[in-house]
Amino acid sequence: MKGVVTVLVLALACSLASAYDPSPLQDFCVAINDSTSSQAVFVNGKFCKDPKLATADDFFFSGLNTPRDTSKSLGSNVTLLNVDKILGLNTLGISLARIDFAPYGLNPPHIHPRATEILVVLEGTLYVGFVTSNPENRLFTKVLNAGDVFVFPIGLIHFQFNPGHTNAVAFAGLSSQNPGLITIANAVFGSNPPINPDVLAKAFQLDRNVVNYLQKKF
């Protein structure tokens, strides 16, 4: 019995040690942008205001019901509500996004280095998927309709595409106050300064001229 208890304690300790957003030790820790304030305390990447000075507006955002502009080349628009938009999210380990899609709009392959994502479709149809890590690189895909939900595990490449002739809207919850975003094509072909074209030509088995063209696109 003692051995079982020891294993359980170790498992709990490991789960806590691997948490991406530490659990708060108080009700909330509203972020404050003025780091010089005498009322500010630095916690989890943000300075926090005195809890006595917090207001309802620190936990509020309005306008997420408004459709976003999807006229850009990818035909999608992500409105992310993280700790930078809702200061009260600081230390709470959660954020929210609205994603608007034009017909054939794409939220391109990307990763969130600090968050698992759970997505629900409100309108339209989405083709979604993620790819597992090496060496399997297994692709999991699903066609989602209104009311369907899909989960994208933390750190894995994933995407959403609208294959329909009408607009689509989805909402996503992310398990971090600041999930981070790395769009694969932008990171590889649009880095600053650029990655040596010979490296990319070898990695992707492409002609160097093709790599140069792609780097100019991003």
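User: Which residues does Leu-106 touch, not counting residues up to four places away in sequence?

Analyst: This is a predicted model: local features need pLDDT of at least 70, side-chain atom pairs count only at pLDDT 80 or more, and totals for chains, interfaces and linings use all residues. Residues are numbered from 1 along each chain as its sequence is written, and side-chain values use heavy atoms, with hydrogens and water left out. Contact means heavy atoms within 4.5 Å. Not counting residues up to four places away in sequence, Leu-106 touches Leu-74, Gly-75, Ser-76, Phe-101, Gln-160 and Phe-161.

User: How far apart in space are Leu-106 and Gln-160?

Analyst: Gln-160 is one of the residues that Leu-106 touches. The two are 54 residues apart in sequence. From C-alpha to C-alpha, the spacing is 5.9 Å.

User: Is Leu-106 buried, partly exposed or exposed?

Analyst: Buried means under 20% relative accessible area, exposed over 50%, partly exposed in between (1.4 Å probe, protein chains only). Leu-106 has a relative accessible area of 24%. So Leu-106 is partly exposed.

User: How many helices and strands are there in the protein?

Analyst: Both are DSSP runs, numbered from the N terminus: helices are H or I with at least four residues, strands are E with at least two. Leu-106, for one, lies in strand β6, residues 106-111. The protein has 4 helices and 13 strands.

User: Which residue in β10 is the bridge partner of Leu-119?

Analyst: Strand β7 covers residues 117-123. It pairs with β10 in the antiparallel sense over 4 bridges. The bridge partner of Leu-119 is Phe-150.

User: Which residues touch the most other members of the largest nonpolar core?

Analyst: A nonpolar core is a set of buried Ala, Val, Leu, Ile, Met, Phe, Trp, Tyr and Cys residues joined through side-chain atoms within 4.5 Å. The largest one has 14 residues. Those touching the most other members are Leu-119, Leu-126, Val-128, Leu-144, Phe-150 and Phe-152.

User: Which elements give two or more residues to this core?

Analyst: Leu-119 touches, among others, Ile-99, Leu-126, Phe-150 and Ala-170. Two or more core residues come from each of β5 (95-101), β7, β8 (125-131), β10 and β12 (168-174).

User: Which residue's side chain does a polar contact of 2.8 Å join to that of Arg-98?

Analyst: Arg-98 is found in strand β5. Arg-98 is buried, with a relative accessible area of 5%. A polar contact is a pair of N or O atoms within 3.5 Å; within protein, one must be able to donate a hydrogen and the other to accept it, and residues adjacent in sequence count only if both atoms are side-chain atoms. The partner of Arg-98 in this contact is Asp-100.

User: What is the torsion about the S-S bond of Cys-29 and Cys-48?

Analyst: A disulfide is a pair of cysteine sulfur atoms within 2.5 Å. The sulfur atoms of Cys-29 and Cys-48 are 1.9 Å apart, and both residues are buried. The disulfide is right-handed, because the torsion is about 110 degrees.

Methods:
Pairing = 2+ DSSP bridges.
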